[in-house]
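Please work through the following exercises with the sequence and the model open beside you, and try each task before reading its solution.

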Amino acid sequence: MSSQRLIDMHVHSDNSPDGIHSPMYICECAVKNNLGAIAITDHCEVDKFFTEKYNNMIFHSFFECSKARSAFEGELLVLLGLEIGQPLGNKALADRIVRHHNYDFILGSIHTPHGFNCDIKEIEYDKIDVYKFMEDYFLQLTETAKWDGCDALAHITCPMRRIQGKYQIDFDYSKIKAVTDELLRTMISYDKALEINTSGLRQKIGLTMPDINIIKRYRELGGKLLTIGSDAHNANDCGKGIIKGMEIARECGFENITFYVSRETLEIKL
Ligand SMILES: [Zn+2]
Ligand SMILES: [Zn+2]
């Protein structure tokens with residue numbers, strides 16, 4: 001591992017529908033960007049698993065990432081991961097998916113919330129009650145946190161990329177405090193890591209997801225497991241914002257960050 005010990009736990013390859021570069025090229029860029037380890041966590045949307053051919057994509061992802069892991073041995077630790085969307089929409093299938101390969105790390109996500117037929121980025125937030133929406137979103141994540149198929153929850157405030165970013169809505173988190181605390185407490189009691197997703201730093205919102213206040217609250221409530229990921233869909237973004245994420249983690253009182261090998265927790269000093 002490099003002396004900087006930078007770890008990016010959330011990267012997409014071209015085995016995700018919206019990813020651009022191959023795992024091998026991503027690994028080359030990761031080495032150039034001073035990373036010691038990356039987790040390639042391609043998408044797997046459980047509700048579209050067969051219709052949108054995620055079954056093929058995750059097979060190719062695992063195969064290509066395994067090859068990249070061997071090719072970069074000693075230079076870069078390549079962790080084999082998956083970002084599984086809406087797993088509880090079909091829990092039996094989700095259970096099968098995460099057990100099918102020997103993954104290192106599984107991120108749980110909600111991209112298509114209950115009651116919506118579209119991705120969170122396509123919702124018209126000026127036409128809905130955003131507080132009710134975020135409470136429902138957090139409740140769905142709370143249920144997901146109880147599922148033993150994932151190790152961490154990805155970008156728990158992802159809708160904010162649009163709510164605060166594109167729609168410029170001045171969101172007051174204190175209005176959903178009880179539901180937020182319930183989500184964080186559930187994550188803690190079910191040993192789910194909180195992800196600091198740095199992709200928001202590259203977008204209009206200009207903040208990590210979640211932002212520092214929620215990370216601080218997770219820590220206050222006793223949270224210890226923290227991963228940091230760029231959510232890069234382009235190899236050049238691999239590792240972006242990781243140092244900023246580490247600074248935020250330190251500011252919130254964390255001494256370690258977490259990564260996973262064979263779905264086991266490992267800590268590295270900040
Ligand atoms: Zn995601
Ligand atoms: Zn992602």
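**Exercise 1.** Which residue bridges the zinc ion (ligand 2) and the zinc ion (ligand 1), and how far apart do the two ions lie?

*Solution.* This is a predicted model, in which local features need pLDDT of at least 70, side-chain atom pairs count only at pLDDT 80 or more, and totals for chains, interfaces and linings use all residues. Residues are numbered from 1 along each chain as written, chains are lettered from A and ligands numbered from 1 in the order written, and side-chain values use heavy atoms, with hydrogens and water left out.

The bridging residue is Glu-83, and the two ions lie 3.4 Å apart. Glu-83 belongs to strand 3 (residues 77-85) and Asp-231 to the loop between strand 7 (226-229) and helix 8 (242-251), so the pair ties together parts that are 148 residues apart in sequence; strands (E, at least two residues) and helices (H or I, at least four) are DSSP runs, numbered from the N terminus.

**Exercise 2.** List the residues that coordinate the zinc ion (ligand 2).

*Solution.* His-10 (NE2), His-12 (NE2), Glu-83 (OE) and Asp-231 (OD) coordinate this zinc ion at 2.1 to 2.3 Å, where donors are N, O and S atoms within 2.8 Å of the metal (3.2 Å for Na, K and Ca), and water is not among the atoms, so sites may look incomplete. Along the chain, the donors of the zinc ion (ligand 2) follow the spacing H-x1-H-x70-E-x147-D.

**Exercise 3.** Describe how helix 4 passes helix 6.

*Solution.* The axes of helix 4 (residues 130-145) and helix 6 (residues 177-189) come within 9 Å and cross at roughly 15 degrees, the axes being lines fitted to C-alpha atoms over the stretch in contact, with angles running from 0 to 180 degrees between N-to-C directions. Helix 4 is therefore roughly parallel to helix 6 (angles under 35 degrees count as such).

Key:
Parallel < 35°, antiparallel > 145°, perpendicular 65-115°, else oblique. Left-handed = near helix turned anticlockwise from the far one by under 90°.
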